[in-house]
Amino acid sequence: MALITFTNKGIFCKQGGFYIDPWQPVDLAVTTHGHADHVKWGNKAYLCHDLTKPVLLQRLGFDLPVETLPYNKAISINGVSVSFFPAGHVIGSAQVRLEYKGEIVVVSGDYKVEFDGISTQFEPVKCHSFVSESTFGLPIYKWKPQAEVFQQISSWVSDNHEQQKTSVLVAYSLGKAQRLIKNLSGLANIYVHNSIANLNEGFIRAGVDLPETIRITPEIKKEELQQGIVIVPPALADGKWMKSLMHAATGVCSGWMQVRAGRRWRAADAGFALSDHADWPGLLSAIKATEAEKVYVTHGFVSTFSKYLNEIGIESEEVTTRYGNEDDEEKEILKEA
Amino acid sequence: MKRFAQLIAQLETSNKTNDKIAALVSYFSTADEQDKPYVVAMFTGKRPRRPVNTALIRLWATELSGIPPWLFAESYHSVGDLSETIALVLPPASRNTDRKLHEWIGDLAMIATKDDEAKKEFILNAWDSLDTQERFIFNKLISGNFRIGVSNKMLVNAISKQSDTDSNKIMHSIMGKWKPGEITYKELIEGAHVNTDNSWPYPFCLAYALEAEPSSLGGTEEWQAEWKWDGIRGQIVKRNGELFIWSRGEELVTDQFPELHFLKDEIPDGTVIDGEILSVKDGAVQAFSILQQRLNRKTINKAQLKDAPIGFYIYDLLEFEGTDIRTEPLSERRRLLEELVLTFSDHQVAILSPVVAFTDWDELAEIRKGSRENNSEGLMLKKLSSFYHSGRKRGDWWKWKINPYTVDTVMIYAQKGSGRRANHFTDYTFAVRDGEQLITVAKAYSGLTDKEIKEVDAFVKKNAIEKFGPVRTVKPELVFEIAFEGIAESKRHKAGLALRFPRIARWRKDKKAAEINTLEDLRQLLASTLL
């Protein structure tokens, strides 16, 4: 009997009696991170990393039954040793390591390999079976070092400033927003949408060293925004509020911006290929480092990536999950905000 | 090259015409002098011979990136553009050079005659010295196929603005025969080359669709009405004993239409006429589907000449006795044209497009209803005082088309788009009912808003039944109204018929798949057009 199975409720550990990132309500949801495609409302109990707790409380309710663990500390659930290792995806994101009778399985959730300046850097964990995402599992996705991308963003911001345009960066509220704030801090005042400000407050209370930002309120004058950098989530990028900002230049920060079609699709003024997911070389290096005998490939270019792994001698299988739709998540946040 | 790469990036990041024109003006004000004519040539579709074939380029890129060919193919499906796919999959460049655009183009022309080994060495070397965006451009230089949303008209407007020269003159100049290596940008603007060239056509005068009621155009006495023929717009140029036939796509199509060659002996030198290439049999204009048998063929056999004989319906006279008369009023040009046509010895092939007589707009609206009976698409309204403008200008000429045919269909396949639409399911295949079966009748991709595309995309992802490479079979549930301009018999299609210019008119969320049209409905329509 395998330690994990892929069921219609989520990734199930029968021996432990819990699910990892389930999409249907269960008794215990071991949660890799707080993006809405990985954590749903309605589970009887949640177990996540210390820094994912503020996100869950913020999003699913302050009375949510959440237990937490730091990285690298194992607990036993029905005899299964469960521990978290950094996934480098967003603040608090974790790979879940399970060990039972010598068999080790790692469910990585979403991950990226490069250190982003704010999330604890990805740590490869040796295991027998590894569950990997494949969001950018095509060889066309190779990120530039983030220093270069932030250099591009900085010069874009100063160009906008010269042309008296407001710089509006479009980024997911959880993850990309904090990464931008950390790396652009000092360049100009940073104004953030409610959904981002709420998360930031939670992180700061939990002890994350996050630079100061200003919550956008109706009272803030448009002229004031023009001097700074504005960060909004994607669901807001085409909305009324954006149209009300005169002379705004929008820059979308997403791995999809690597490809021209992605840039034109968003019809943004600029696209920056900045992703919180591993690129092609990142996926391959992470997988090789686990020395796993079997790799389960989920959300993304599943069949392509899995086929390639098999061809290069890493046994792999495609599995169907409901992860990978981060746009849905943004819609949910906006409802709350 | 870096400056050109910057221009392309600017053109691609905006969808506003003004931004694009500003980017072009800035480019032509600052770029290398020798580069400029090459850029004009590229944007107007003047392509040099392809120096290396695509299969080789693809092979080398796959080899160099160390991925299996199937994975390259998957990447290409996702990107939607071969040049860009190659630029992205290659390993990072080891160095960076900044050579001028025309130097790269010159080198590419040189290697065209070399053997494959030499070509490979050159290409691999180039790839290793260019960043991703420059590599993309370099690959486009090889394919010669730049599609970046710059129309001829937009380019002309930008050059006109940059050089403070009349846009007609620029259009004229860039449409003539010239080679980027043999002309300077200044000479190009001045049109130094066009006078010595016998063949040059004039830019076509185009019309906007009439959206308002025709009565808003004012008095009927100021207007001339003609049928809007459904063929290939063409210009016949006769200068210095030579005859040239140009199509609207600025292609020289003289050899495709031997029926019209007799005009060489009928039309005096220094004459340019504008009209419509049609199939005309026994004095009647045929459906476009008949003309289609004659298009884009290298050789024409006797059967084709017999089954789809060509005629030319003449609309206008642009050059007369060697003088450009486009700024004479239409009434005067028409008078001269009628005199000219009278001198022809044959009146079966080159025919004056008749003026439709009418006294009030209501009467004309009635006449328009009969457009399909003579295989026209509706009416053209031209102001009698109008000039023959370059391109589209609002106010003087209007096309007043009849409504397209429509059919309700259900979507059965979806495929990811290319270019801007890669990564979303945007290309759909539609079917009508044939008894218990669904039978494909059209493929279409345009006509939906981005928001609707996202909605359909989500539907496809949830309801995919089967997968064939990039194509998904989907549950036949979404009903779309497809508009089309014509219908023809087709042996290649399972339905036995093909729709012309099919596009999505509306997403019929109010209809169920059970309510769509049947194949029999379309067969009846086909029969009615062939009477």
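Modeller: Domain bounds here come from an automatic or database domain assignment. On that basis chain B is divided into domain 1 (2-143), domain 2 (163-196), domain 3 (205-401) and domain 4 (405-529). This is a predicted model, where local features need pLDDT of at least 70, side-chain atom pairs count only at pLDDT 80 or more, and totals for chains, interfaces and linings use all residues. Residues are numbered from 1 along each chain as its sequence is written, while chains are lettered from A and ligands numbered from 1 in the order in which they are written.

Biologist: How many helices and strands are in chain B?

Modeller: Chain B has 18 helices and 23 strands, counted as DSSP runs numbered from the N terminus (helices: H or I, at least four residues; strands: E, at least two).

Biologist: What makes a residue buried?

Modeller: It needs 20 or more other C-beta atoms, placed from the backbone, within 10 Å of its own. Of the 531 residues of chain B, 37% count as buried.

Biologist: Which residues make the contact between the chains?

Modeller: Chain A gives 16 residues and chain B gives 21 residues, a contact meaning C-beta atoms, placed from the backbone, within 7 Å. On the side of chain A that touches chain B, α8(A) gives the most, with six residues.

Note on methods. Contact = placed C-beta atoms within 7 Å. Buried ≥ 20, exposed ≤ 12 C-beta atoms within 10 Å, placed from the backbone.
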